[in-house]
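Thanks for coming. Let me put the structure up, and then we can walk through it.

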Amino acid sequence: MQLVISRDALVTDYIAVSGLSATLINVVLVMVFTLFIKRINHVELNGFVIAGLLTTMGFAFFGKNIYNILPIYLGVFLYARSVKRPFKQFFVIAMFATGLAPLVTVGINFGILGLIIGSVIAVGYGFIIPAIASHVIRFHNGYLLYNIGFSGGIVALILTAVLRVTGLDLEVVVNVNEAWDIHYILFAILIGMSLLFISFGLLRERFNWSRYKKLMSMSGRAVTDYYRIFGEGLMLVNMGIVGLMLTLLVAFSGIPLNGATVGSIISVMGFSAFGKNPKNIIPLILGCILMIIVSGTVITPSVLLVLIFVTGLAPIAGEFGFVIGIIAGILHFSLVQYTAEWQGGANLYNNGFAGGFIAGVISSIMDSIAKRSM
């Protein structure tokens with residue numbers, strides 16, 4: 001119960017709030033609900049759906065629960081009814097839109113009335129986000145894989161400003177697990193998931209290095225569906241390899257794993273079915289590491305989230321090359337330090353919000369240079 005009625009603002013690690021057992025139960029409940037909605041709406045599996053499912057699973061470790069995602073699903077459902085289109089066309093949007101689930105508990109300090117008001121706001125957000133997302137993608141032209149994160153961040157920015165003007169100040173939270181005994185369990189979960197993906201992938205088809213090189217040669221710009229282009233086997237291998245890379249990166253940081261880092265790695269594994277691969281994410285991570293060294297930034301759980309989620313800009317590195325990828329990582333690391341505060345922690349996809357600006361600016365410049373040289 002404590003997990004359900006916590007404020008859920010970024011970064012609220014449910015393991016620190018209610019323990020590992022309650023968190024895993026929450027993950028199961030959220031996934032059962034999501035898969036049930038997928039099934040009754042006959043949504044076919046593809047790379048984008050896989051990315052949405054694993055992102056939902058990952059954020060059920062820190063910010064999404066079976067209560068605070070319901071109003072947003074309702075809002076998206078009402079939008080589908082209003083435009084007279086089947087909900088299955090908006091199912092993926094609904095999954096990603098729950099990144100603003102903390103809106104539901106934004107007024108938790110005011111008791112039941114606060115929860116009711118928060119739920120109403122969340123329903124309204126779910127109703128408008130499909131229309132906003134379809135327009136916002138034009139700003140970054142698919143060079144950001146977290147379009148709903150950017151779209152939701154704009155809404156969160158406006159709502160936070162309104163709430164702050166009316167006297168309700170929202171603060172960013174950093175409440176994460178610091179216990180090493182939990183770290184080893186989470187490490188085993190991530191390694192196990194990664195190896196399972198690789199094993200199942202190799203069982204589905206024999207590994208072919210030439211095909212994997214072809215997969216990594218793609219920019220990853222939306223829409224790049226590895227599931228449909230290369231099939232289930234190679235997609236699973238890619239997901240497992242990316243999962244292993246990020247797990248080892250975090251393990252070598254010297255900071256114990258928590259719900260947020262585990263959830264973010266699972267989310268990135270999901271997007272490794274839809275645009276991310278080792279070649280297009282490494283330059284971005286190196287850009288962040290370079291900025292950490294130059295600025296003397298101390299490694300914290302929040303910094304690790306930036307290292308993991310900067311990969312949302314994978315199409316920038318994939319399309320414009322290694323050096324531009326490093327520059328994108330440097331710029332992203334700098335901007336994201338401030339954007340969480342702008343949104344009062346209401347948007348769980350803070351890196352998606354910051355990444356939208358970086359993707360829009362860099363892609364505009366690079367496209368302009370390309371046109372002049374023609």
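**Pockets, core and helices**

α14 (301-309), α16 (322-342) and α17 each supply at least two residues of the lining of the second largest pocket. Helices here are DSSP runs of H or I, at least four residues long, numbered from the N terminus. A pocket is found on a 1 Å grid over the protein atoms alone: an open set of points where a 1.4 Å probe fits, with protein on both sides within 12 Å along at least five of seven lines. Lining residues have an atom within 4 Å of a point.

Some ground rules. This is a predicted model, where local features need pLDDT of at least 70, side-chain atom pairs count only at pLDDT 80 or more, and totals for chains, interfaces and linings use all residues. Residues are numbered from 1 along each chain as its sequence is written, and side-chain values use heavy atoms, with hydrogens and water left out.

Back to that pocket. The second largest pocket has a volume of about 290 Å³, the volume being the space filled by probe spheres set on grid points joined across faces, edges and corners. It has 15 lining residues, and L10, S302, V336, A340 and N350 are the closest to its centre. α14 gives the most to this lining, with four residues. By class, the lining has 11 nonpolar residues, four polar and no charged. Nonpolar means Ala, Val, Leu, Ile, Met, Phe, Trp, Tyr, Cys and Pro; charged means Asp, Glu, Lys and Arg; the others, Gly among them, are polar.

Next, the largest pocket. Its volume is about 540 Å³. Several elements give two or more residues to its lining: α3 (47-59), α5 (91-97), α6 (111-140), α7 (147-165), α12 (259-271) and α17 (350-372). Which of them gives the most to the lining of the largest pocket? That is α6, with four residues. In total, 29 residues line the largest pocket, and F48, L145, N147, I148 and F274 lie nearest its centre. The classes here are 18 nonpolar, nine polar and two charged.

F96 sits in helix α5. Its relative accessible area is 6%, so F96 is buried. Buried means under 20% relative accessible area, exposed means over 50%, and partly exposed is in between, with a 1.4 Å probe and protein chains only. Leaving aside neighbours within four places in sequence, F96 is in contact with F48, A51, G52, T55, I148, F271 and Y349. Contact means heavy atoms within 4.5 Å. L53 is 43 residues away from F96 along the chain, yet their C-alpha atoms are separated by 8.9 Å.

Now the core. The largest nonpolar core has 111 residues, and Y73, Y125 and I316 touch the most other members. Such a core is a set of buried Ala, Val, Leu, Ile, Met, Phe, Trp, Tyr and Cys residues joined through side-chain atoms within 4.5 Å. Not counting residues up to four places away in sequence, Y125 touches I72, A97, L100, L103, I148, G152 and V155.

α8 runs over residues 180-204, and at 1.5 Å a residue its 25 residues should span 36 Å, which agrees with the 36 Å between its end C-alpha atoms. The expected span is 1.5 Å times one less than the number of residues. Buried residues in α8 include I182, L186, L190 and F197. The buried residues of α8 pack against α1 (14-18), α2 (20-40), α3, α11 (232-251) and α12.

I15 is in α1. Its contacts beyond four places in sequence include I182 and L186. I15 is buried too, at 6% relative accessible area.

Last, the loops. Is Q343 buried or exposed? Q343 is buried, with a relative accessible area of 1%. It lies in the loop between α16 and α17. Q343 touches residues including G153, L157, N350 and F353.

H42 is in the loop between α2 and α3. Phi of H42 is near 55°, a positive value in a residue other than glycine. H42 counts as exposed, at 60% relative accessibility. K84 lies in the loop between α4 (70-82) and α5, and its phi is near 55°. At 74% relative accessibility, K84 counts as exposed.
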